[in-house]
Amino acid sequence: LLLFTISFSGETRYNKDKILQGQGVDEPLSATGFRQADAAGLFLSNVKFTHVFSSDLLRAKQTAAAILGKNRFCKDLEIKYDARLRERKYGVAEGRPLADLKAMAKDAGEQCPSFTPSGGETLDEVRERARDFFEFLCQLAVELEQKEHGKPGAPGKSSGTSGEQFVFPWTNHCSEAEPSSAGSGSSTVLDANILVVSHGAYMRNWIGYMVSDLNCTLPANLTKSQLSSVSPNTGVSNFIIKLENGNLLKPNITCVCLNQDSHL
């Protein structure tokens with residue numbers, strides 16, 4: 001059983017000015033971005049994470065560090081940077097206003113979200129990166145479970161003492177989203193509790209992959225527009241992943257909350 005929480009990076013001045021950053025523009029957080037990251041950290045301060053992964057772009061690295069800096073349990077946990085979590089690459093459109101990308105798409109007779117500028121990544125390429133990283137997380141959880149059960153005298157999972165007990169801090173915050181009963185318990189036994197810090201367009205693609213390809217269960221009242229919208233800076237989403245008998249091919253995924261922004 002794997003719990004993972006996604007936070008998007010905080011605001012940069014390029015976000016505010018509606019300029020595309022992608023991978024080629026590596027801006028630091030703005031003063032607002034640091035305040036957002038601190039607020040996300042306070043929101044998640046009682047969560048005992050076992051692992052933290054972040055995009056290796058500066059705005060994500062600073063967000064991850066700020067979140068851990070507010071944590072009661074794992075301030076010293078190592079943040080592992082992974083290029084698979086980088087924002088979508090926008091090629092020649094990077095460093096230019098979003099309006100320019102829309103104009104390029106219009107000239108090409110395409111819709112902006114699916115348009116690929118010269119030198120940029122296609123949506124399929126971004127999804128492949130997301131799929132590869134998600135499968136890596138699932139494999140990590142399976143290996144942790146096997147390692148736990150392989151210890152001499154280790155109790156079975158049914159005893160409720162294997163793994164650690166983790167609290168869902170967001171159940172009350174997400175009451176309006178009617179979180180699944182899978183997230184209603186406050187003492188769920190988990191093999192891993194993972195924080196992932198990444199970027200808006202990348203994560204929208206990843207979540208789309210989990211919904212369309214892996215049949216992720218969504219909160220009951222979530223609208224299509226909410227599902228397809230990009231998260232606000234430092235918005236938080238939370239997912240429960242169950243791998244029955246270590247089966248990596250058929251993960252059971254429940255979205256507890258999506259793009260939660262009550263901390264902002």
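Buried here means under 20% relative accessible area, exposed over 50%, and partly exposed in between, using a 1.4 Å probe and protein chains only. Keep that handy for the tour.

You're looking at a predicted model, where local features need pLDDT of at least 70, side-chain atom pairs count only at pLDDT 80 or more, and totals for chains, interfaces and linings use all residues. Residues are numbered from 1 along each chain as its sequence is written, and side-chain values use heavy atoms, with hydrogens and water left out.

**Stop 1: the whole chain.** Switch to cartoon and you'll find seven helices and eight strands; these are DSSP runs (H or I, at least four residues, for helices; E, at least two, for strands), numbered from the N terminus. Of the 264 residues, 47% count as buried. For contacts (heavy atoms within 4.5 Å) between residues at least 6 apart in sequence, 78% join residues at least 24 apart.

**Stop 2: the largest core.** A nonpolar core is a set of buried Ala, Val, Leu, Ile, Met, Phe, Trp, Tyr and Cys residues joined through side-chain atoms within 4.5 Å. Select F4, F134, I194, W206, M210, F239 and I241: they have the most contacts inside the largest one, which has 32 residues. Elements giving two or more residues to this core include β1 (2–8), α5 (123–149) and β6 (192–198). The largest share, nine residues, comes from α5. Now centre on M210, which touches F4, F134, N215, C216, F239 and I253, not counting residues up to four places away in sequence. For a second, separate core of 15 residues, pick out F49, I67, I79 and V236, which are among its members.

**Stop 3: two helices crossing.** Select 31–43 (α2) and 58–69 (α3): their axes come within 7 Å and cross at roughly 40°. Axes are lines fitted to C-alpha atoms, for helices over the stretch in contact, and angles run from 0 to 180 degrees between N-to-C directions. The pair is therefore oblique, the label for whatever is left after under 35 degrees (roughly parallel), over 145 (roughly antiparallel) and 65 to 115 (roughly perpendicular). Show side chains for F34, A37, D38, A40 and G41 of α2, plus Q62, T63, A66 and I67 of α3, to see what makes the contact.

**Stop 4: S9.** Go to the loop between β1 and α1 (13–16), where S9 is found. S9 counts as buried because its relative accessibility is 6%. Leaving aside neighbours within four places in sequence, S9 is in contact with R59, A60, T63, S198, H199, N233 and T234.

Stop 5: L264 is in the segment after β8, and is partly exposed at 46% relative accessibility. Beyond its neighbours within four places in sequence, L264 is in contact with Q36, P232, N233 and T234.

Stop 6: Most residues other than glycine have a negative phi. K18, in the loop between α1 and α2, has a positive phi near 55°, and is exposed at 55% relative accessible area. Finish in strand β8 with N259: its phi is also positive, about 55°, but N259 is buried, at 14%.
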